[in-house]
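Here is a short briefing on helix packing and ligand contacts. Please look over the sequence and the structure first.

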Amino acid sequence: MTTDPEEMSMSLPASLAATTVAVLGGTGPQGRGLARRFATAGLPVVIGSRSADRAEETAKTLASATGGDVTGADNEGAAAAGDIVIVAVPWDGHGDLLRSLAGTLAGKVVVDCVNPLGFDKQGAFVLEVEEGSAAEQAAALLPDSTVIGAFHSVSAVKLEDPDVAEVDTDVLVLGEGENREACDLVQDLAGVIPGVRGVYGGRLRNAHQIESLTANLIAINRRYKAHAGIRITDI
Ligand SMILES: NC(=O)c1ccc[n+]([C@@H]2O[C@H](COP(=O)([O-])OP(=O)(O)OC[C@H]3O[C@@H](n4cnc5c(N)ncnc54)[C@H](OP(=O)(O)O)[C@@H]3O)[C@@H](O)[C@H]2O)c1
């Protein structure tokens, strides 16, 4: 396996050539996991954080682990640097962060993987969201961005584990009809992770079910001591 960034990027789909991926909240497990896989595939990645120092620290670790081009910045710097910007922060901070970055994110493809869930002794449960879903809240707060929902149920544990050669899951990609090209792009992005297939999953008004499904997957993981994913059949 090559670790030469130039050779790695040669195997990327043409749609992702010269594409930088930024990850807001990239210091957490989900952001780090996605960043690791994208950097391994040869994409330049910028880790975002509320603290530029924390982002740089995470970026340094990922760059040395993957041999890829990973840098760090505060969330605003990362948002400015990314062509595709992944939102990987907890639901609690979602609205405020996106509201503060609306100008910087204008014109960009913003990929929301946030699951509005609560946790108690019985496990995970679905929170009510005024806009319908985290993805719809993002679309409402970012009228000048192209908001796509994806990566909701891919396991951070699997993404972060260098011994997991293939992450066995489909990634449902949601977006409005007029954003077909951006959905295709994010399906391509999902597909650079070995084992993963990006599948179109409908419009944002149906993002609620996909975000909520993660509560069921968490219950499955507890019962079966697993990091379960999903597969769509017959397509
Ligand atoms: N973990 C998974 O397996 C998984 C799978 C699919 C989807 N997701 C979704 O991905 C998102 C991130 O998950 P995670 O497990 O990585 O979460 P996390 O560790 O709780 O948070 C990720 C990062 O967000 C930043 N952050 C924390 N609170 C914030 C706030 N109030 N405002 C802005 N930034 C804040 C922190 O970075 P700084 O302190 O450096 O800013 C933190 O490292 C969640 O919404 C989750 O639903 C997670």
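At what angle do helix α5 and helix α6 pack, and how far apart are their axes? The angle is about 15 degrees, and the axes lie 9 Å apart. Keep in mind that this is a predicted model.

**Helices α5 and α6**
- Helix α5 covers residues 91-100, and helix α6 covers residues 134-141.
- Angles under 35 degrees count as roughly parallel, so at about 15 degrees α5 is roughly parallel to α6.
- The α5 and α6 crossing is right-handed.
- From α5, the contact draws on Trp91, His94, Gly95, Leu98 and Arg99.
- Their partners in α6 are Ala134, Gln137, Ala138 and Leu141.
- By class, this contact of α5 with α6 holds five nonpolar, three polar and one charged residues.

**Helices α2 and α3**
- Helix α2 spans residues 29-40, and helix α3 spans residues 52-66.
- Their axes come within 10 Å and cross at roughly 40 degrees.
- The crossing of α2 and α3 is right-handed.
- On the α2 side, Arg32, Ala35, Arg36, Ala39 and Thr40 make the contact.
- On the α3 side, Thr58, Leu62, Ala65 and Thr66 meet them.
- The residues of the α2 contact with α3 divide into four nonpolar, three polar and two charged.

**Ligand surroundings**
- How many residues surround the ligand? There are 19.
- The closest are Thr27, Ser49, Arg50, Arg54 and Val89.
- Serine 49 places a polar side-chain atom 2.5 Å from an oxygen atom of the ligand.
- Arginine 54 has a polar side-chain atom 2.9 Å from an oxygen atom of the ligand.
- Glycine 28 contributes through its backbone: a polar backbone atom there is 3.2 Å from an oxygen atom of the ligand.

Conventions: Residues numbered from 1 in each chain as written. Predicted model: local features only at pLDDT ≥ 70, side-chain atom pairs only at ≥ 80, totals over all residues. Heavy atoms only, no water. Axes fitted to C-alpha atoms, helices over the stretch in contact; angles between N-to-C directions. Helix = DSSP H or I, 4+ residues; strand = E, 2+ residues; numbered from the N terminus. Left-handed = near helix turned anticlockwise from the far one by under 90°. Contact = heavy atoms within 4.5 Å. Nonpolar A, V, L, I, M, F, W, Y, C, P; charged D, E, K, R; others polar. Near = heavy atom within 4 Å. Polar contact = N/O pair within 3.5 Å; in protein donor to acceptor, adjacent residues only side chain to side chain. Parallel < 35°, antiparallel > 145°, perpendicular 65-115°, else oblique.
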